[in-house]
Amino acid sequence: MTEELQKAGLYIDDIYRLRVQDPAIANETNELRDECLEYANKLQDFKKYAEDFHKLISDFAKDVEKEKLRAIGTQNLLKTIAKERQAEQQVYQSKIHEKNIELERLRNEYQYLQRVESEQQEIINNYLLNQ
């Protein structure tokens, strides 16, 4: 009788229910459906992991960009400080040069005044001796 039902396109499954589809195909269909559901769940998990990873990488990229800008700012600040120091050094060098010139002028003036004093002292001594 089972063969006659199969010829008519009807099948009896393991729990003796009448089916229009072959039980083997029905089992394969159920297995495929279960595998598809499992695949869909895994795909959802993968999507969640990918989104989490993307968020993590985006946050990391923002942090890197902040550090990069901070480093550029620090570098510019150091360059500015170096230029300021160089300008100060030039000012100090200029002042030292001016002071050296003034020192040399004062030395020459001192030597001149010593000669004048010496000459005057000699004149005074000669005057006192001649009297």
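This is a predicted model: local features need pLDDT of at least 70, side-chain atom pairs count only at pLDDT 80 or more; totals for chains, interfaces and linings use all residues.
Residues are numbered from 1 along each chain as its sequence is written, and side-chain values use heavy atoms, with hydrogens and water left out.

**Exercise 1. Describe the span of residues 89-116.**

Step 1. UniProt, in an unreviewed entry, lists this span as "coiled-coil region". Its positions are given in the numbering used here, feature names are shortened, and annotations may be inferred rather than shown by experiment.

Step 2. In the model, the span is 100% helix and 0% strand, and its end C-alpha atoms lie 40 Å apart.

**Exercise 2. Work out how much of the protein is buried and what its surface holds.**

Step 1. Take buried as under 20% relative accessible area, exposed as over 50%, and partly exposed as in between (1.4 Å probe, protein chains only). Of the 131 residues, 3% are buried.

Step 2. Accessible areas come from the Shrake-Rupley method with a 1.4 Å probe, and for residues only the protein chains shown count as cover. The protein's total is about 12700 Å², with 56% belonging to carbon and sulfur atoms.

Step 3. Now find a nonpolar patch: its residues have over 30% relative accessible area and no salt bridge, and nonpolar side chains (Val, Leu, Ile, Met, Phe, Trp, Tyr) are joined within 5 Å. Tyr39, Leu43 and Phe46 make one, with about 370 Å² of accessible area together. Tyr39 sits in helix H2 (residues 23-130) and is exposed, at a relative accessible area of 56%.

**Exercise 3. Examine salt bridges one by one.**

Step 1. Side chains of opposite charge can pair when their charged atoms come close. The rule here asks for a side-chain nitrogen of Lys or Arg within 4 Å of a carboxyl oxygen of Asp or Glu, and it gives six salt bridges.

Step 2. Start with Glu38 and Lys42, whose closest N and O atoms are 3.3 Å apart. These two are about one helical turn from each other because they are four residues apart in helix H2. Glu38 is partly exposed at 43%, while Lys42 is exposed at 54%.

Step 3. Asp59 and Lys55 also form a salt bridge, with an N to O distance of 3.1 Å. Being four residues apart in helix H2, Asp59 and Lys55 are again separated by about one helical turn. Asp59 is partly exposed at 32%, and Lys55 is exposed at 51%.

Step 4. Finish with Asp34 and Arg33, which meet at 3.8 Å, N to O. Asp34 is partly exposed at 44%, and Arg33 is partly exposed at 46%.

Key. Patches are made of residues with over 30% relative accessible area and no salt bridge: like charges are joined within 9 Å, nonpolar side chains (Val, Leu, Ile, Met, Phe, Trp, Tyr) within 5 Å.
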